[in-house]
Amino acid sequence: MSTGAAATAGAGTGAGAGDGPATLAVAGENVVDLVPVDGTPDSYRALVGGSPANIAIAAARLGTSAALVARIGADAFGRRVRERLAAGGVSPRYLVDASEPSSLAVVSFDEHRRASYDFWFTGTADGQWTGAELPDPLGADVRALHVGSVALHLDPGGAALLRMVLREHARGAVTLTLDPNVRPDISGDLAAVRRRLEALVPLCDVVKASDEDMLHLYPDLDPVEAARLWRDSGPALVVVTQGADGATAVMEHQAIAVAAPEVEVADTVGAGDAFMGALLHALDTRGLLGGDRVGALRTVTPDDLRRITEYAAAAAAYTCTREGADPPTAAELDAWRESLA
């Protein structure tokens, strides 16, 4: 994909705008992860990631057409971002050329290869959305809009993304989904983050959060109990991921806990994003995405909810077997799950 393929400000309005179909639009950031090279502590590899970009790629690799709504930095890393999205099958229809540089994260691993991050977001492309740069409305082929992560919490861009969600909620044409991906070290006042999320969650149909997210936001509550409170505020489905312990999916009259497949962990980078992308794909394959399908989503059977959640947990576990945010294709995931049966 050439660097000229980005959408211009305000582009992407109406059906068929931009390049390629998109059942799913994912709004948020790209981040260049600087990952330490084993055995050489002063050396790092630059791997392109970012939670929303990872989610779009994860869904696209599994077979759900996706577009990323993102501002792309005006630097060499920005070119790599575009190349990665193109290789992952993500439509560029809602990409915007930005004058600011790309965002960076320095990755550290603990003894269990669980990742933590030090971020550089000040003055970068990802937090600077204006309303004119966001698609209004989304294309007629788009059946779901996903938001979340750092871009949602950094103003002025976060406020613009929230206005887009409010507009799409009022339009009623798409399923709205959220993964907060709370990062206290860069998102500022946790009380303000919690207020924004508590305004956003009731607008959404599907929410995925990690147990770590919930403990940041509600340190005195069990993460699954916090998920129940969020579900009671409006969403059809709230899922809490629990790392090696699997995940719990909460709906109105049911809570389904699933185990995570046991794997040898290369690292955990992008595992939660693979879960979210696979969750959206599983909903898509069952015809549960779209504003006209929310009623069907609310009546998913326990057996189907378990299958959906197990599929997403398997995608997350598979991603942990590879370095960096490298989610599986449908063929890889299907073959691997069959080998575990």
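Buried residues of helix 4 (157-171) include Gly-157, Gly-158, Ala-160, Leu-161, Leu-162, Met-164, Val-165 and Glu-168, where buried means under 20% relative accessible area, exposed over 50% and partly exposed in between (1.4 Å probe, protein chains only). Helices (H or I, at least four residues) and strands (E, at least two) are DSSP runs numbered from the N terminus. The model is predicted: local features need pLDDT of at least 70 and side-chain atom pairs count only at pLDDT 80 or more, while totals for chains, interfaces and linings use all residues. Residues are numbered from 1 along each chain as its sequence is written, and side-chain values use heavy atoms, with hydrogens and water left out.

The cover over these buried residues includes strand 1 (24-27), strand 8 (144-148), helix 3 (150-153), strand 9 (175-179) and helix 6 (190-200). Helix 4 has 15 residues and reaches 21 Å from its first C-alpha to its last, close to the expected 21 Å (1.5 Å times one less than its number of residues). Gly-172, with a positive phi near 75°, follows helix 4.

Turning to the sheet, 9 strands form an open sheet with mixed pairing, in the order 5-4-1-8-9-10-11-12-13; two strands pair if DSSP finds at least two bridges between them. Strand 5 (95-97) and strand 13 (254-258) stand at the edges with a single partner strand each, so one side of each has no neighbour in the sheet. Strands 8 and 9 run parallel and are joined by 5 bridges, and His-146 stands opposite Thr-177 in strand 9.

Terms used:
Contact means heavy atoms within 4.5 Å.
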